[in-house]
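Let's walk through this structure together, going from the whole chain down to single side chains. Keep the 3D view open as you read.

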Amino acid sequence: MSEGDRSIRAAVLTVSDRCSRGAATDTSGPALAHMLRASLSADVVQTRCLPDEHDQLAACFLDWSSPAHRIDLIVSTGGTGLAPRDVTPE
């Protein structure tokens, strides 16, 4: 397969304190992964759920951005909302 023919490699990060500690079920991450597959024929190669913690989020984005992962698109969902604790990227 040539470079132009390969599918988009995507990753989905859910930012949720509750989901990350198992107190709630992540529904937005799986829904985004489904939409990426259905709409873009994307290959979702990574998914993760992390708490609203700046250092952990930054580390995940840096890791997934490394050339070794060959990820073309990173999508994030969730977050605390409009509150001082919200550090979810826009």
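Predicted model: local features only at pLDDT ≥ 70, side-chain atom pairs only at ≥ 80, totals over all residues.

Of the 90 residues in the chain, 29% are buried. If you look at contacts with a separation of 6 or more, 72% of them are between residues 24 or more positions apart.

Now for the elements themselves. The chain has three helices and three strands, and from the N terminus on they follow the pattern β-α-α-β-α-β. How do the three strands line up? They form an open sheet in the order E2-E1-E3, with parallel pairing. Strand E2, residues 43-50, and strand E3, residues 73-78, stand at the edges with a single partner strand each, so one side of each has no neighbour in the sheet. From one strand to the next, the twist averages 20°. As a reminder, strands of a sheet pair through backbone hydrogen bonds, in either a parallel or an antiparallel way.

Let's zoom in on one of these pairings. Strand E1 covers residues 9-15 and is joined to E3 by six bridges, the two strands running parallel. To find your place there, look for Leu 13, which stands opposite Ser 76 in E3.

Next, turn to the helices that pack on the sheet. Helix H2, made of residues 28-40, touches E1, E2 and E3. Its direction makes about 145° with that of E3. Helix H3, residues 54-65, also packs on the sheet and touches E1, E2 and E3. In this case the direction of H3 makes about 165° with that of E2.

Arg 48 belongs to strand E2 and Asp 63 to helix H3, so to speak two distant parts of the chain, 15 residues apart. Are these two side chains' residues buried or partly exposed? Arg 48 has a relative accessible area of 30% and Asp 63 one of 32%. Since buried means under 20% and exposed over 50%, Arg 48 counts as partly exposed, and Asp 63 is partly exposed as well.

Asp 17 is found in helix H1, which spans residues 17-20. With a relative accessible area of 19%, Asp 17 falls under the 20% cut-off and is therefore buried. What does its side chain reach? The side chain of Asp 17 comes to 2.8 Å from the backbone nitrogen of Asp 52.

Finally, take a look at the backbone in two loops. Ser 41 is not a glycine, yet it has a positive phi of about 55°. You will find Ser 41 in the loop between H2 and E2, where it is exposed, with a relative accessible area of 53%. Arg 70 likewise has a positive phi of about 55° without being a glycine, and Arg 70 is found in the loop between H3 and E3.

Note on methods. Residues numbered from 1 in each chain as written. Heavy atoms only, no water. Pairing = 2+ DSSP bridges. Helix = DSSP H or I, 4+ residues; strand = E, 2+ residues; numbered from the N terminus. Axes fitted to C-alpha atoms, helices over the stretch in contact; angles between N-to-C directions. Contact = heavy atoms within 4.5 Å. Buried < 20%, exposed > 50% of the residue type's maximum accessible area, 1.4 Å probe, protein only. Polar contact = N/O pair within 3.5 Å; in protein donor to acceptor, adjacent residues only side chain to side chain.
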